[in-house]
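Let's take a friendly walk through a protein model together. Have a look at the sequence and the structure first, and then read on.

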Amino acid sequence: MSADVDAAVGAAFREERGAVLAALIRQVGDFALAEDAVQDAFEAALASWRRDGVPARPGAWLTVTARRKAIDRLRRARATGGRAERLAELMRIDATAAEDPEMDEPTEIEDDRLRLIFTCCHPALGLEAREALTLRALGGLTTGEIARAFLVAEPTMGKRIVRAKAKIAAAGIPYRVPPAAELPERLRGVLRVLYLIFNEGYARTAGEELLRTDLCAEAIRLARLLVELMPDEAEAWGLLALMLLHDARGEARTDAAGAFVALGEQDRGRWDEEELARGHEALARAIRLGPPGPYALQAAITALHVEAPDPAETDWAQVAALYARLAALDPSPVVALNHAAAVGFAVGPEEALVLLEPLLDDPQLERYPPLHATHADLLRRRGDEAGAAAAYERAAALSANAVERDELLRRRAALP
């Protein structure tokens, strides 16, 4: 019974925490207080659900409990001034909700999580702080997971998140979706956040499993809300297309035992054809709306992989050309790495290794497993088994994801 309750609380944390926190921030107007109250609610759930059983609607139970925990915290703090007003408002909301259980139901476009994303992505915050704070608040990622996603040390990321929350409070950043005139300039940070949330779900930085389907689903849900809110933004559609085209293949990326399955070896019968079709439709919409941006270009690259009738027939020359265009439009070490990998298939490993050489000395990528895995694959194809073995071992040692690490060690073991 205890194990069942622990599993239910864990599932609720993954599936409901973002919505509960977003709703409570709207109600209390205080990021830190809301986070503390939500944490209190999950701790209360462990005891209450073991005693009384798991409620039929865990999210609603947690929303009510978190609101009451916030009331308790404000009372204990002997709230004065603005906090006293919040306490009175919270008590009014709680009394109203007790009479109207539907009050805590989520709405469609006026979605609290979308408001929270725009709050976290306010231009008063630095871009990295916006991304990190939203991943923490909406995605429920730990500070360590976010640090690995940004390739920085965990203490550095912890300080960044704390400073971002403090700035929201000090600057009085409003909790709302901005008016139409402000939306375009705020879009870039929001898109980047959704992209990172999806990436963490699609290829976990750490853990025993490759996927976090809850994060993928949340990123896609929020991307859909975004295109509904901003239907003429090409890059919003491009990002949605990219997510859908990747997510459609998610189930085929591991076998029945949970082991990694490379794209060329995947059972295409396990791909979600309806989701692929929606992804292609979103990409076509993005292209119609304007010149392809970084996300539409990445979606176009993914579409080339999906559309190839056989992995051997992938148009690698076109993939490499699109990565070169992406590198010119949105340069980064990771894009340069992907371009080198594509050149390796389009032209050959020797040319790709020349492109990879400066990346191996880039401090940003020094501890990035895909760099060393790509290096290993290129060395293997060139016939340098000893070099490939060392690079595979380096990549495996740096990987915090068990599925990814096992695959790297399998490739190492398969060398002559």
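## Charged pairs and a covered helix

R412 is partly exposed, with a relative accessible area of 30%. Here, buried means under 20% relative accessible area, exposed means over 50%, and partly exposed lies in between (1.4 Å probe, protein chains only). This is a predicted model, in which local features need pLDDT of at least 70 and side-chain atom pairs count only at pLDDT 80 or more, while totals for chains, interfaces and linings use all residues. Residues are numbered from 1 along each chain as its sequence is written, and side-chain values use heavy atoms, with hydrogens and water left out.

Which residue does R412 form a salt bridge with? The partner is E393, and the closest N and O atoms are 2.8 Å apart. This pair links distant parts of the chain: R412 sits in helix 19 (residues 402–413) and E393 in helix 18 (residues 385–398), 19 residues apart. E393 is partly exposed, at 40%. Helices (H or I, at least four residues) and strands (E, at least two) are DSSP runs, numbered from the N terminus. A salt bridge is a side-chain nitrogen of Lys or Arg within 4 Å of a carboxyl oxygen of Asp or Glu. Side chains of opposite charge can pair when their charged atoms come close.

The structure holds 19 salt bridges.

| Salt bridge | Closest N to O |
|---|---|
| R412 and E393 | 2.8 Å |
| E251 and R270 | 3.8 Å |

E251 and R270 both lie in the loop between helix 11 and helix 12 (273–289), so their pair ties together parts that are 19 residues apart in sequence. E251 counts as exposed at 53% relative accessibility, whereas R270 is partly exposed at 30%.

Helix 11 (residues 234–247) deserves a look too. How many of its residues are buried? The count is 13 of 14, which leaves helix 11 mostly covered. From its first C-alpha to its last, helix 11 reaches 20 Å, close to the 20 Å expected at 1.5 Å a residue; the expected span is 1.5 Å times one less than the number of residues.

Finally, find R204 in the loop between helix 9 (183–202) and strand 1 (206–207). Leaving aside neighbours within four places in sequence, R204 is in contact (heavy atoms within 4.5 Å) with several residues, among them E145 and N401. The C-alpha atoms of R204 and E404 are separated by 9.1 Å, although these residues are 200 apart along the chain.
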